[in-house]
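I opened my notebook on this chain and went through it entry by entry. Here is what I looked up.

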Amino acid sequence: MLTREQNETLTRTGPRTPMGELFRRFWIPALLSRELPEADGAPRRVTLLGEELVAFRDSHGRVGLVEARCPHRGASLFFGRNEDCGLRCVYHGWKFDVNGDCLDIPTMPKDGATYEHLRERVKIAAYPTREWGEFIWAYLGPPEAMPALPDMEFALVDPAHRYVSRKLQECNWAQSAEGAVDTAHFSFLHGAVGDDAPPGTPPGYVDQLRWMKNDAAPRYTVVEHEAGLVMAGGRHADGADTYWRIAQYLMPNHSLAPGSAPGDTYHGQTWVPIDDDNCWVYTYSWNPERPLKPAERAAYEAGAAIHAEVDENFVPVRRRANDYLIDRDIQKHETFSGIKGISEQDAAIQDSQGRIHDRTREILGPTDLGVVRLRVLMLGAARDLAEGRPPAAAADPAAYRVRSGAIVAPAALPFDQVMVRRFGDPTGRCDLGSRRDDAA
């Protein structure tokens, strides 16, 4: 369990909070690139880490991310006109570019030095943005500490090899992230009633589901590396073998899912706090060896794997307001949860912990080791930053060139050799080729 003070530190990410300052030392997704599809198109509201912002794509295709209110009289720039390389407030016409500089004050006479003096002095907050892996990333920290974008594999592959989306989650970022590194819950939350695998289970995955169902107490191993943590759960497989599910947690808010075998499509998630009660979960699937098939893309759009079935605003169809459309008959006879979709099953339980989970009341056990280590990592990094030691992971984009995945290995094989057998490296580090230069 955590103390109340530790729980507050872990979950609060607004300006001038310890965890908020840590998040602001990294690039974080703000939107999908396709949400700003055209130059001079409609602006979008964005709330990140408790800050109300507006995003727009200017006449040259550059993405601006600026504070939401015009400094003149506080009108929302969401209603502004996106025109001629700037966003113009519709209240009195003041205009600002992607850097937050004021371009025009039409309510003042333009003759004389007074106009230019005021125009040059007026500025709104603006944050740097980059497009990378079909995400629009933002950096909200001090300019002198701005790092490079992380070399995550989904962003390095050709666009034909990946699918990206996002989904709203109505709880604090931390409990959703903790759910992703808790492989023990798969034996129950995502399981079937009886001995049969759920309908639609790929043939190659039937054994894995059986091993997870039969062994609900995986043995955890956690290894720290430059960018975060390897988190592995080992279960009894057939004979003298162990079935390992190996996840990666990457600073400050990324997780790579543990179920993929060599040649499979990989999956990952990134949690971005909207405020302390809600977060966006950015989801991505990629195959480094081949383009995704049309049927795969269609399945992800419909909510397969770690993706959710969402509406046009990326709000899940099955959500808190409708009890995730739980079907009690299906729960009785087919699946443990009665809820359709792995993503929705996770969200239902994570949301049920409350908007901000009270970790002072927990009773933890051996299978909670991954959750404990995630908390230790994040709280330690926030404390270090507050004491003047910035996060090392932010300075090394290549440290993010790691993979997660699954493997069946002899039970007697040491874990570092399990990692080498699966990935060729004891921390999952992989040679992912040259970096694509689409981080404009």
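How many residues lie between β3 and β4 in their hairpin, and which residue in the turn has a positive phi? The model is predicted, so I read each value below as computed from it.

**Entry: the β3–β4 hairpin**

I found five residues between the two strands, and G61 in the turn has a positive phi of about 85 degrees. I then checked the pairing. β3 covers residues 51–57 and runs antiparallel to β4, with five bridges joining them. Next I looked at cover. β4 spans residues 63–67, and four of its five residues are buried, so the strand is largely enclosed by the rest of the structure.

**Entry: the β12–β13 hairpin**

I turned to a second hairpin. Two residues separate β12 and β13 here. The strands are residues 219–225 and residues 228–236, they run antiparallel, and seven bridges join them.

I traced the strand order. Four strands make an open sheet, ordered β5-β6-β7-β8, and the pairing is antiparallel. Which strands stand at the edges? They are β5 (81–83) and β8 (102–104); each has a single partner strand, so one side of each is left without a neighbour in the sheet. I kept a reminder beside this: strands of a sheet pair through backbone hydrogen bonds, either parallel or antiparallel.

Three bridges tie β5 to β6, residues 86–88, and the two run antiparallel. One of the bridge pairs is E83 with G86 of β6. The loop between β5 and β6 holds C85. I read its phi as near 65 degrees, a positive value in a residue other than glycine. Is C85 buried or exposed? C85 has a relative accessible area of 16%, and the cut-off for buried is under 20%, so C85 counts as buried.

Most residues other than glycine have a negative phi, and most peptide bonds are trans.

I found another positive phi at D323, about 55 degrees, and this residue is not a glycine. D323 sits in the loop between α7 (294–301) and α8 (328–333). Its relative accessible area is 52%, and D323 is exposed. C85, by contrast, is buried.

I then checked peptide bonds. The bond from M251 to P252 is cis, with omega near -10 degrees. I located P252 in the loop between β14 (241–250) and β15 (254–256).

**Entry: D351**

I placed D351 in helix α9, residues 342–352. The residue is buried, at 4% relative accessible area. What does D351 touch beyond its neighbours within four places in sequence? I listed Q169, E170, C171, R320 and Y324 as its contacts. I also took one distance: D351 and H254 lie 97 residues apart in sequence, and their C-alpha atoms are 19 Å apart in space.

**Entry: A155**

I looked up A155 next. A155 belongs to helix α4, residues 153–156. Its relative accessibility is 0%, and A155 counts as buried. W132 is 23 residues away along the chain, and the two C-alpha atoms are separated by 6.1 Å.

**Entry: the whole chain**

The secondary structure comes to eleven helices and 18 strands. How does the radius of gyration of the chain stand against that of a compact globule? For 440 residues the globule value would be near 22 Å, and the chain has 23 Å, which agrees. I also boxed the C-alpha atoms along the principal axes and got roughly 85 × 50 × 45 Å.

Buried residues make up 55% of the 440. Among contacts with a separation of 6 or more, 62% come from residues 24 or more positions apart. I put the accessible surface at about 19100 Å², with 52% of it on carbon and sulfur atoms.

Last, I counted charges. There are 51 positive and 63 negative side chains. The centres of the two sets lie 2 Å apart.

Definitions and conventions. Residues numbered from 1 in each chain as written. Predicted model: local features only at pLDDT ≥ 70, side-chain atom pairs only at ≥ 80, totals over all residues. Heavy atoms only, no water. Buried < 20%, exposed > 50% of the residue type's maximum accessible area, 1.4 Å probe, protein only. Contact = heavy atoms within 4.5 Å. Rg over C-alpha atoms; globule rule 2.2 N^0.38 Å. Areas by Shrake-Rupley, 256 points an atom, 1.4 Å probe, with all protein chains shown as cover. Lys, Arg positive; Asp, Glu negative; His and termini not counted. Charge placed at Lys NZ, Arg CZ, Asp CG, Glu CD. Pairing = 2+ DSSP bridges.
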